[in-house]
Amino acid sequence: MTKFTVNDRPVQYRMDPDTPLLWALRDASNLTGTKYGCGTGDCGACTVDIDGEAVRSCQVTIGYAEGRFVTTIEGLSPDRGHPLQQVFAADNVSQCGYCIPGMIMTAAVLLKRNNDPSDDEMDTAITNICRCGIYPRLRAAIRRAGRIIRGEEQVEAAPPPGITPEEAARTVPALRRL
Ligand code: FES
Ligand code: FES
């Protein structure tokens, strides 16, 4: 039995401790916001926050996560109101969207440490791959989210989604547990 915290809730997985965290999150916890891209640690689509670090969840096991605090894109903010989420929506940063949860989780860790990162600091911290090439918009979004965090700018809030991840999992057939 592996015990840790996911999005502020205690979880116990009756799974092999060598199970990749990505699969426990997606298949056992139905947290499908965390994406599978490459499975080799290269793309960053599976990035989550573990104890304040951006970690590629395909590259660590649930045994590694024992006793740690894991945050996925679903838990980044209770109302999807994190400045990055608001800016991504307001400025149409996403294209296909597949890489976006990993991008946002990585950028959120960066902004927590440094709310005014330089281009070099962004490039060093964010090695995630986007097949749609949103990189210029990503940099602009991080800069704008930084200004919002520093209180220098406001963003018009996107309408609340009106549905929690748990409700979505119940009502969206593709997310239902089998
Ligand atoms: S799926 Fe984990 S880095 Fe690509
Ligand atoms: S927005 Fe399509 S992969 Fe990044």
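The following dialogue reads a predicted model of one protein chain, from its overall make-up to single residues.

Colleague: How many helices and strands are in the protein chain, and how do the elements run from the N terminus?

Modeller: The protein chain has seven helices and five strands. From the N terminus on, the elements run β-β-α-β-β-α-β-α-α-α-α-α.

Colleague: What does the radius of gyration say about the protein chain?

Modeller: A compact globule with 178 residues would have a radius of gyration near 16 Å, and the protein chain has 16 Å, so the two agree. Along the principal axes, the C-alpha atoms fill a box of roughly 45 × 35 × 30 Å. Buried residues are 40% of the 178 residues. Of the contacts between residues at least 6 apart in sequence, 63% join residues at least 24 apart.

Colleague: How do strands of a sheet pair, and what is the strand order here?

Modeller: Strands of a sheet pair through backbone hydrogen bonds, either parallel or antiparallel. In this model an open sheet of five strands has the order β2-β1-β5-β3-β4, and its pairing is mixed. The edge strands are β2 and β4, each pairing on one side only. On average, neighbouring strands of this sheet are turned by 40 degrees against each other, direction ignored.

Colleague: Which strands run parallel, and which antiparallel?

Modeller: Start with β1. Five bridges join β1 to β2, and these two run antiparallel. By contrast, β1 and β5 run parallel and are joined by two bridges; Thr 5 stands opposite Phe 69 in β5.

Colleague: And the other pairs?

Modeller: β3 pairs with strand β5 (residues 69-71) in the antiparallel sense over two bridges, with Thr 71 in β5 as the bridge partner of Asp 49. β3 also pairs with β4 in the antiparallel sense, over four bridges. Thr 47 stands opposite Arg 56 in β4. In the hairpin of β3 and β4, with two residues between the strands, Asp 51 takes a positive phi near 50 degrees.

Colleague: In a regular strand, where do the side chains point?

Modeller: In a regular strand the side chains alternate between the two faces of the sheet.

Colleague: Is Val 55 buried or exposed?

Modeller: The cut-off for buried is 20 or more other C-beta atoms within 10 Å. Val 55 has 22 within that distance and is therefore buried. Val 55 is found in strand β4. Leaving out residues up to four places away in sequence, Val 55 touches Thr 47, Val 48, Ile 50 and Val 60.

Colleague: Which domains is the protein chain divided into, and how many residues are in contact between them?

Modeller: The protein chain is divided into domain 1 (2-75) and domain 2 (83-149). Their centres, taken over C-alpha atoms, are separated by 21 Å. In the contact between them, 15 residues of domain 1 meet twelve residues of domain 2. On the side of domain 1 that touches domain 2, β3 (47-50) and β4 (53-56) each supply at least two residues. β3 gives the most to that side, with three residues. By class, that side of domain 1 has six nonpolar, five polar and four charged residues.

Colleague: Which helix packs on the sheet, touching β3 and β4?

Modeller: Helix α4 (residues 100-113) does, and its direction makes about 35 degrees with that of β3.

Methods: Residues are numbered from 1 along each chain as its sequence is written. Chains are lettered from A and ligands numbered from 1 in the order in which they are written. This is a predicted model: local features need pLDDT of at least 70, side-chain atom pairs count only at pLDDT 80 or more; totals for chains, interfaces and linings use all residues. The radius of gyration is taken over C-alpha atoms; the globule rule is 2.2 Å times the number of residues to the power 0.38. A residue is buried if 20 or more other C-beta atoms lie within 10 Å of its own, exposed if 12 or fewer, and partly exposed in between; C-beta atoms are placed from the backbone. Two residues are in contact if their C-beta atoms, placed from the backbone, lie within 7 Å. Domain bounds come from an automatic or database domain assignment. Ala, Val, Leu, Ile, Met, Phe, Trp, Tyr, Cys and Pro count as nonpolar, Asp, Glu, Lys and Arg as charged, and the others, Gly among them, as polar. Two strands pair if DSSP finds at least two bridges between them. Axes are lines fitted to C-alpha atoms, for helices over the stretch in contact, and angles run from 0 to 180 degrees between N-to-C directions.
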